[in-house]
Amino acid sequence: MRRVWHDRWRRTAGRLNSLCSKAYRELPRTAAHARPLRWVGRVALLLAKRALLLVILLVLVFVTVDLLPGDAASATAERGESAADVERRRVMLGLDRPVLQRCWEWLSGLPTGDLGLSARGVPVRELVSGAFPNTLLLGGLALLLTAVAALALGCWAALRPGSPLDRAISGTATAMLALPEFVVAVALVALLSLWVGWLPAVTITGADGGPASPDMLILPVLALTIPQTGWNIRIVRAALADEAREPHVEAAVLDGLAPPRILLRHMLPGALPAIVTGLATSTGMLLGGAVVVEAVFNYPGVGSVLASAAADRDAPLVAGVTALAGAVITLMLLTADLIRDALGGRR
């Protein structure tokens with residue numbers, strides 16, 4: 001009897017072992033199927049967080065514009081208009097209603113692409129459709145130049161840690177970071193335009209609504225690039241310094257590998273998540289600095305639109321520009337988060 005039970009136990013244990021082995025073999029395949037679902041869920045969560053922050057920002061924009069002295073009806077009044085005419089325009093613009101109610105009505109049309117009407121009766125989408133691409137072109141070129149210059153100078157300094165070159169690049173980066181965009185813009189105009197006469201000081205708008213010639217982009221792009229290059233050089237240098245203390249990098253040094261190979265194969269891949277995050281953060285700074293730079297160079301971007309909207313106390317127009325800029329920044333930050341997760345997971 002004992003032998004019979006022993007045989008039955010062996011057969012049962014064998015079946016359990018076979019089932020466990022089969023489940024273990026199927027586990028990686030199941031995890032591989034679940035990984036895209038986790039990725040989609042993470043993207044949805046990040047988008048929800050960014051969208052909530054953008055909605056809060058737009059509400060603050062409406063409230064801030066409403067708190068400014070005067071209102072859109074009086075700011076856009078023509079000379080000689082009576083108080084009754086101004087009051088009728090105030091009612092037409094909905095300024096007699098609470099600001100939160102007007103904000104909610106504007107936000108309800110945002111998912112369909114309806115940005116509302118400006119204080120002068122022109123659709124906001126029409127006003128920003130011609131100016132915003134010019135600002136994106138200016139910011140995109142500045143971001144590309146910033147990335148190239150920051151990577152080149154940061155890696156160059158990391159090849160000679162503690163050397164006079166490293167200290168010179170770090171000190172120059174700090175000085176560049178401390179310079180506001182309008183100071184850099186004025187200095188570039190004085191040096192490259194008024195003094196040596198190489199580049200035009202102002203931008204002339206062409207028939208298509210953009211700059212009349214490509215050389216009119218050089219000074220605005222440089223004025224945006226210089227401060228952000230200083231910021232990103234420090235990020236690249238700090239990220240590479242952290243990676244230099246990793247065990248695999250120290251092992252590569254002990255193996256006698258060439259410094260450029262250690263930098264490109266062992267240090268830079270681990271530093272890329274921090275570098276990408278820094279560049280994504282620079283997107284918001286570039287769009288914010290573009291408003292000032294566009295005013296200095298008379299560039300046909302959203303800077304002039306935003307300046308006239310603030311003078312007119314035009315909350316829908318200010319909020320429309322903010323919504324488009326916020327969407328671009330949200331997309332860049334989301335891309336940086338996904339790239340950082342992908343690189344971190346692969347590492």
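Arg 237 is buried, its relative accessible area being 15%. Please select this residue in the viewer, bearing in mind that the model is predicted.

Is Asp 166 buried or exposed? With a relative accessibility of 8%, Asp 166 counts as buried, because the limit for that class is under 20%.

**Two further salt bridges.** The whole structure contains 6 salt bridges according to the search. Another of them is found by selecting Glu 87 and Arg 90, whose closest N and O atoms lie 2.7 Å apart. Both residues sit in helix H3 (residues 83–92); they are 3 residues apart and therefore separated by about one helical turn. Glu 87 counts as partly exposed, at 39% relative accessibility.

Then move to Glu 105 and Arg 97, whose side chains meet in a salt bridge with an N to O distance of 2.7 Å. Glu 105 is partly exposed at 35% relative accessibility, and Arg 97 is likewise partly exposed at 30%.

Which helices each supply at least two residues of the nonpolar patch? They are helix H7 (181–195) and helix H10 (259–297). Of the contributors, H7 gives the most, with 3 residues. Val 292, for its part, is located in helix H10. Val 292 is partly exposed, at a relative accessible area of 37%.

**Regions listed in the record.** Finally, colour the segments that an unreviewed UniProt entry lists under "transmembrane region": residues 43–65, 136–159, 171–196, 216–236, 271–297 and 317–339. Two of these may be inspected individually. Residues 136–159 are 100% helix and 0% strand, and the C-alpha atoms at the ends of this span lie 34 Å apart. The span 317–339 is also 100% helix and 0% strand, with 33 Å between its end C-alpha atoms.

Methods: Residues are numbered from 1 along each chain as its sequence is written. This is a predicted model: local features need pLDDT of at least 70, side-chain atom pairs count only at pLDDT 80 or more; totals for chains, interfaces and linings use all residues. Side-chain values use heavy atoms; hydrogens and water are left out. UniProt positions are given in the numbering used here, feature names are shortened, and annotations may be inferred rather than shown by experiment. Helices (H or I, at least four residues) and strands (E, at least two) are DSSP runs, numbered from the N terminus. Buried means under 20% relative accessible area, exposed over 50%, partly exposed in between (1.4 Å probe, protein chains only). A salt bridge is a side-chain nitrogen of Lys or Arg within 4 Å of a carboxyl oxygen of Asp or Glu.
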